[in-house]
Amino acid sequence: MFAARTDWLLAPNRLSQQIEERRRQGLAVLDLTESNPTRCGFEAGKEILQAFDDPRSLVYEPDPRGLLRAREAVCGYYAERGTSVNPEQIFLTTSTSEAYSYAFRLLLDPGDKVLLPQPSYPLFDFLAGLNDLEVVSYPLQYDRKWSIDPEIAEKFLGSGAKAIVVVHPNNPTGSYIASSELAFMVACCQQNQAALIADEVFADYAFEPGGRQVSSHAAVADVLTLTLSGLSKISALPQMKLGWLVVNGPPKLLGVALGRLEVIADTYLSVSAPLAHALPKLLERSKAAQPKIMERLRRNLGRVDQAVRSCPNLSRLETEGGWYAILKVPATASDEDWAVDLLANEGVLVHPGHFYDFPEDGYLVISLLTGEEILEEGMARILARVGKTR
Ligand SMILES: Cc1ncc(COP(=O)(O)O)c(C=O)c1O
């Protein structure tokens, strides 16, 4: 009766079982994976709701791209970052995840290949699967910093994929796309007649802004480029469910893409009038929220570094930005065993690297958005446990 694409293994994994077990026993969990800003001290005040008090929302004025005033606000966001885009290039969506679906439906047929970085964001497998796509992963290399090695990536990138995804910066590696990597990706797209999809949800969270990273892919016009972002990270408002895609490219391709996307968007008309009218004010919130979040990220990164310095068995991988840190633990056990062990014996929740498709064991992922006391205590317990390994 059901489609093969929904034939998921729905049984809880060992980590979820362990969490459930602790809840049943009334035992606390120090959650070092919390990355929901509305649960770790960055919830907006009630005044944000005033953004919705707008009589214009009483009128239904469907626009496939989303209301012009809202798209102009998105243009303003890019202009402040030195990138010029016009409202015609923008489509509003309910979340970045939906923007992926628009991009995939525009570019790929069932069974087509999409190239994704590895390791990366776990939802990609589901987004690709729900759109009947085959995932081909191109590896990111780590050698004191994360990068795309052209020689290694080339054989994956030449595999006939019609879309290449870059995540800028990537979750969880925190690595931005450097200008040389962008040039390589553009060349790969040109060779394969593929489009570039750039996910920039964490772009504003650089530890050293203005470094080697590309400023925004929204300016890339050499190949068809779809740049995705949204309010969940930019304004720390995931509950608003508002994202967008910005389309750019050579004029002919751009024209076709805009025309077709308009039909996709017109089919759903996803973004409600109250949300679209509120968007300018919701985007404005980024100015107050981002400095506070950056401060938390930096302080927590400092805490992690202080902790790992005292333990030869533990280290932290370099990151350029984003909300996560990767810990390297001895590969004496699988990373899932490590995570289950830390939860069972220390009450500390971390994500095993395999959630993000790390190709080998020995990696744990934590969220730097975690409350500072929780992170400090959690790191102390991780240290105590990892320190015992020989
Ligand atoms: C790399 C990346 N892209 C997209 C998203 C999802 O964004 P949204 O909440 O707008 O769907 C996330 C969420 O964590 C993410 O890590």
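Hi everyone! The protein we have here folds into 11 helices and 15 strands; helices (H or I, at least four residues) and strands (E, at least two) are DSSP runs, numbered from the N terminus. With a radius of gyration of 21 Å, close to the 21 Å from the globule rule for 390 residues, the protein is as compact as a globular protein of that length. That radius is taken over C-alpha atoms, and the rule is 2.2 Å times the number of residues to the power 0.38.

Please keep in mind that this is a predicted model, where local features need pLDDT of at least 70, side-chain atom pairs count only at pLDDT 80 or more, and totals for chains, interfaces and linings use all residues. Residues are numbered from 1 along each chain as its sequence is written.

Of the 390 residues, 44% count as buried. Buried means 20 or more other C-beta atoms within 10 Å of a residue's own, exposed means 12 or fewer, and partly exposed is in between, with C-beta atoms placed from the backbone.

Now let's look at helix α6, residues 179-192. Which residues of α6 are buried? They are E181, L182, M185, C188 and C189. Seen down the axis of α6, these fall within an arc of 120°, so they line one face of the helix; the arc is that of the directions from the helix axis to the C-beta atoms. On the other side of α6, S179, Q190 and Q191 are exposed.

Finally, just after α6, Q193 has a positive phi of about 50°.

How values were computed
The expected span of a helix is 1.5 Å times one less than its number of residues.
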